Amino acid sequence: MTPTNPDATTPSAQSSNRRFNTDWIAGGIIVAVCCLATYLFGKDANWDALNYHFYSPHALLNIELAEDFMGASTQRYLNPLAYLPFYWMVRADMHSLTIGLTLTAIHAMSLVAIWYISMHHVFAGQANRVLLSSLATGLAFLSPVYLGSLGATFVDPTTSVLILFAVAIHCRLLKNPIAGYMPQLFAGLLCGAAIGLKLTNLIFGVAFFVAAVLSVGPLRTAVFSGLWFGFGGVIGVAASYTMWGLALDKEFGNPVFPLLNQYFKSPDFPDFVLQHARFVPQSWGDILSLPFRMVEHRSWVYIENLAPDLRLAALALLAAVLLLATISRRHLKQSIAVLMHDRALLFLLLFFTISYFLWVKSSGNGRYAIPLLLLAGPLLVLALVKLMPNRSFAIGAAVVLVSAQTFVLLEAGNPRWTSSPWTARWFELEVPAQLKRQPYGYLLIGTNTHSFVAPFLHPASRFSSVVSAYSINPTGPGGNRVRQFINTHQSHLRFMTKVGEARYGTVPSRAVVSSIDTQLAGWDVHVDQSDCAFIRFAKSEADNDVYMSCALLTGNAQKDELDAERTAMAVVFDSIERACPSLFSPGGVYLVKLNGMWLRRYLNTDITAFSRLGRVFFSRYEYGPFDIDIGSVDEWKSGNQRWACTSLPRG
């Protein structure tokens, strides 16, 4: 009789232990590399962080919806839940690097999911699968959009973790079917939570549902799988959005206010069809060419900053070559047939393809496509493996792709939207004692509201953004809300706007006062030049933002004259919008006079139309084209039949 050795393990147990150790080691390396990248890239003081990433959770915890109106413009009403960890860490006075690394550890879980999907599903059972999975994860990591958001305040890299873990769960289910439908329920729960936290993730929920149903197998199984996934999705959305949606519905009569107001008809916002079309392809040619345009070394192609990415172009080319080669080469037909019978791989291909087309049709914004951009890594390496029978050639080609994408990223420079040094606090602010001691109601002026300063003012201070990317019409939807805000804070009313650093601490000039009075004339208030204060925001040692805040008094001598002029100029701008709704959308927004120019800002296209010296221009200030002359004011009063509407310019 052979004695039992309690320390002995079976071969299967040893294999399981090795797999466990490999995954944990890989996960640790991934987190470490991501943290190093975050440290090198610096702190991200992006536009959205200064506008609403910090203000929204502050408002959730401290401000009733009825107490401010458009406190961070329209973004005030996006679900703030996912921003709470960032807010709590900042309010706890944690070092900015500690905050950045904590966020990075969360964001790195997306790459951990990519590693798992590559290791145990895409390359499972293949020789060199550790090397192939490492290359796939490396190519995913090299997405410039992902790198730019790593350790930053955006919620997109956080919700991508939920989406990709849902994908990993479904892949495991397809490889190793188990009794019951708990995996589908849990995957649906993750996708639903991601959608509730950020509605742009809806495209991934739809893509997941369709791909899962088509890849599961027999019809009965597919139907029940889809139902359980859908049930989990409903629970996930309900858990992450219901309380916020009910609050919006109670206050405004629209649970997704101000979105979809063409259906909900809230009286506090126009019934605009809101869709940011700045990156949306306008034709099938644009859709198919987008992967190749993403390689271009310029900004505003599929994201606001410079983010050249050759990976999707390489994937599109490899897919085309693979398709053509499959038609003529027998061994490739067999290889592709095997691929199509692997339900996990079929699911990944369907999910990726459906997500891509939904993404480009809905927004085309790279930040909303992080799960898609990360999955490009393993799919690229998979295409190389299927196309090249010689595994060494495939690995060599993958190494070349990693090197090429690394070179492209280094040439482009720091992937951050706005990089700044790591400092003791995330927001280094100098706030006058007066603004901390006394509560005020602030009317905000400027495309960016800079609402992030609110938590550093008196706790009872309140914001209302009246002249911004969306300017509120005093006699239109939302006008009553702002007038009520003004009446509530009438004895302690101020404005706040960003000014040049040279103005810090100085008495505002007559020109500055006149400009503010002109912009606020519709609200019948004017600047009290004797009561001004300045807030300094130190982005770095050499870069400071300055915000000026002065008291406002009732009455405005320009109001009647400007109202009459606005009515006359509205005819001109309405005529422009009728002639070219694809550029000037949504139409009918409030006209603002700034520096002698009447202008309208169009949310959907990021275009500004303005009159200057008797002529009308439009411009996309951030990325061109700039100041396009489209005719005289007099011509547009009667329609200007000579100007032909153009398509949305692409930078």
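## Disulfides, sheet and helix packing

Cys532 and Cys550 form a disulfide (a pair of cysteine sulfur atoms within 2.5 Å), with their sulfur atoms 2.0 Å apart. Cys532 lies in strand E8 and Cys550 in strand E9, so the bond ties together parts that are 18 residues apart in sequence; helices (H or I, at least four residues) and strands (E, at least two) are DSSP runs, numbered from the N terminus. The model is a predicted one, in which local features need pLDDT of at least 70 and side-chain atom pairs count only at pLDDT 80 or more, whereas totals for chains, interfaces and linings use all residues. Residues are numbered from 1 along each chain as its sequence is written, and side-chain values use heavy atoms, with hydrogens and water left out.

The torsion about the S-S bond of Cys532 and Cys550 is about 110 degrees, so this disulfide is right-handed. The structure holds 2 disulfides, and the other joins Cys580 and Cys645, with sulfur atoms 2.0 Å apart. With 60 degrees about the S-S bond, the link of Cys580 and Cys645 is right-handed. This pair links distant parts of the chain, 65 residues apart, with Cys580 in the loop between helix H23 (559–579) and strand E10 (592–594) and Cys645 in the segment after helix H24 (633–637).

| Residue | Relative accessibility | Class |
|---|---|---|
| Cys532 | 21% | partly exposed |
| Cys550 | 0% | buried |
| Cys580 | 0% | buried |
| Cys645 | 36% | partly exposed |

Strands E8 and E9 belong to an open sheet of 6 strands with the order E4-E8-E9-E7-E5-E6 and mixed pairing, two strands being paired if DSSP finds at least two bridges between them. Strand E4 (429–430) and strand E6 (462–467) stand at the edges, each with a single partner strand, so one side of each is left without a neighbour in the sheet. E4 pairs with strand E8 (residues 525–540) in the antiparallel sense over 2 bridges, and Leu429 stands opposite Phe537 in E8.

Elsewhere, H3 and H4 pack at an angle of about 85 degrees, with their axes 8 Å apart; axes are lines fitted to C-alpha atoms, for helices over the stretch in contact, and angles run from 0 to 180 degrees between N-to-C directions. By class, the contact of H3 with H4 (heavy atoms within 4.5 Å) has 6 nonpolar, 2 polar and no charged residues, where Ala, Val, Leu, Ile, Met, Phe, Trp, Tyr, Cys and Pro count as nonpolar, Asp, Glu, Lys and Arg as charged, and the others, Gly among them, as polar.

Technical notes:
Buried means under 20% relative accessible area, exposed over 50%, partly exposed in between (1.4 Å probe, protein chains only).
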